[in-house]
Amino acid sequence: MIDQPPAPSAPKDQARIYDSGFRRYHGDRTGVGGAVRSLIKHSLRQALGLGRSARYKLVPLPIIFMAFVPAIGLIAMAALIPIGTQDFLPTYAEYYALVVAALYLFAGLICPELLCTDQRTGMLGVYLASPLDRPRYLMGKAVSVMLLLLVVTLGPPLLTLIAFTLQNEGPDGFGQWITVFGQIVASSAVVGAIYGAVGLAISASTDRRVVATATILSVIPGSAIVTDILVNDGGMPAALRLANVMFLPRAIVHRIHGERGGWPVSENPTWTLWLAFFGWLTLSVVWIWYRYRDLVVRR
């Protein structure tokens with residue numbers, strides 16, 4: 001009997017299959033709701049640069065800090081100045097004028113990060129291969145943007161309210177405190193909704209994050225410049241102010257708090273401001289859905 005030569009061994013870099021089979025999934029089956037929650041959680045971490053290198057945190061975290069700086073300064077001034085002599089401090093409605101730059105900078109950063117990146121890297125196809133469909137994907141992204149914007153729209157005024165209350169400079173009585181608290185929440189939601197909707201609509205128009213960011217940072221302040229020139233210098237109707245994306249939410253905030261400020265009520269009644277607010281939201285939602293309805297997904 002002639003000995004057979006041994007079979008040649010497979011190269012070390014060649015893949016081998018030693019076993020195959022089926023394993024059941026033993027974890028919780030959260031379904032579509034769990035997929036949406038997972039998308040929101042991942043989007044929040046992505047926008048804030050959590051779990052990523054330090055360079056991804058260099059922009060969002062300083063902007064958040066920038067939004068809180070005026071609140072910290074107001075709290076310090078209220079603590080140092082004698083009670084009853086603090087009338088010069090800005091009101092809760094006027095606070096948004098101090099942080100308007102941080103608000104639209106934050107919107108210009110996170111909206112492209114959450115939409116454009118998924119299109120460009122192909123992650124959109126991965127998400128849609130899960131239980132998520134396009135409406136639920138967009139809803140998860142919108143919720144993520146709103147939660148992030150509430151950090152800079154709700155956090156500082158709420159911190160100011162609590163600090164003033166502890167220093168006996170807050171609203172008089174529990175009922176008045178609850179009223180002011182509700183006004184702050186409503187104002188923060190309005191500001192966040194406008195900036196978030198416009199930012200997402202622009203971000204849905206391109207897969208290039210830099211282009212979307214530059215467009216957002218141009219359109220929002222640009223709308224203020226153009227409308228001011230047309231109305232104040234050009235003698236155009238005051239209704240054109242409703243196209244001012246930058247100051248429309250601030251005008252609504254003054255009406256919510258019942259304060260004078262922003263645009264004159266005689267020229268721009270409150271109902272027209274709310275009509276413009278819901279008009280911008282509707283227009284943004286329609287455009288986003290139009291862009292994503294037939295968007296070709298790459299996997």
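**Exercise 1.** Which side chain meets that of Arg-293 in a salt bridge? Then classify both partners as buried, partly exposed or exposed.

*Solution.* Keep in mind that this is a predicted model.
- Step 1: The partner is Asp-294, with 3.3 Å from N to O.
- Step 2: Asp-294 has 56% relative accessibility, so it counts as exposed, because the cut-off for exposed is over 50%.
- Step 3: Arg-293 has a relative accessible area of 42%, so it is partly exposed.

**Exercise 2.** Find the salt bridge between Arg-209 and Glu-113 and work out which parts of the chain it ties together.

*Solution.* Side chains of opposite charge can pair when their charged atoms come close.
- Step 1: In the salt bridge of Arg-209 and Glu-113, N and O are 2.5 Å apart.
- Step 2: Arg-209 belongs to helix 9 and Glu-113 to helix 4 (residues 100-121), so the bridge ties together parts 96 residues apart in sequence.
- Step 3: Glu-113 is buried at 7% relative accessibility, whereas Arg-209 is partly exposed at 38%.

**Exercise 3.** Trace the salt bridge between Asp-207 and Arg-120.

*Solution.* 
- Step 1: The closest N and O atoms of Asp-207 and Arg-120 are 3.9 Å apart.
- Step 2: Asp-207 sits in the loop between helix 8 and helix 9, and Arg-120 in helix 4, so we have a link between distant parts of the chain, 87 residues apart.
- Step 3: Asp-207 is partly exposed at 28% relative accessibility, and Arg-120 is partly exposed at 43%.
- Step 4: A search of the whole structure gives six salt bridges.

**Exercise 4.** Which residues make the nonpolar surface patch of about 350 Å²?

*Solution.* 
- Step 1: The patch is made by Phe-65, Val-69, Ile-72 and Leu-159.
- Step 2: Helix 2 (residues 60-80) gives the most to this patch, with three residues.
- Step 3: Val-69, found in helix 2, is partly exposed with a relative accessible area of 39%.

Definitions and conventions. Residues numbered from 1 in each chain as written. Predicted model: local features only at pLDDT ≥ 70, side-chain atom pairs only at ≥ 80, totals over all residues. Heavy atoms only, no water. Patch = residues over 30% accessible without salt bridge, like charges linked within 9 Å, V, L, I, M, F, W, Y side chains within 5 Å. Areas by Shrake-Rupley, 256 points an atom, 1.4 Å probe, with all protein chains shown as cover. Salt bridge = Lys/Arg side-chain N within 4 Å of Asp/Glu carboxyl O. Helix = DSSP H or I, 4+ residues; strand = E, 2+ residues; numbered from the N terminus. Buried < 20%, exposed > 50% of the residue type's maximum accessible area, 1.4 Å probe, protein only.
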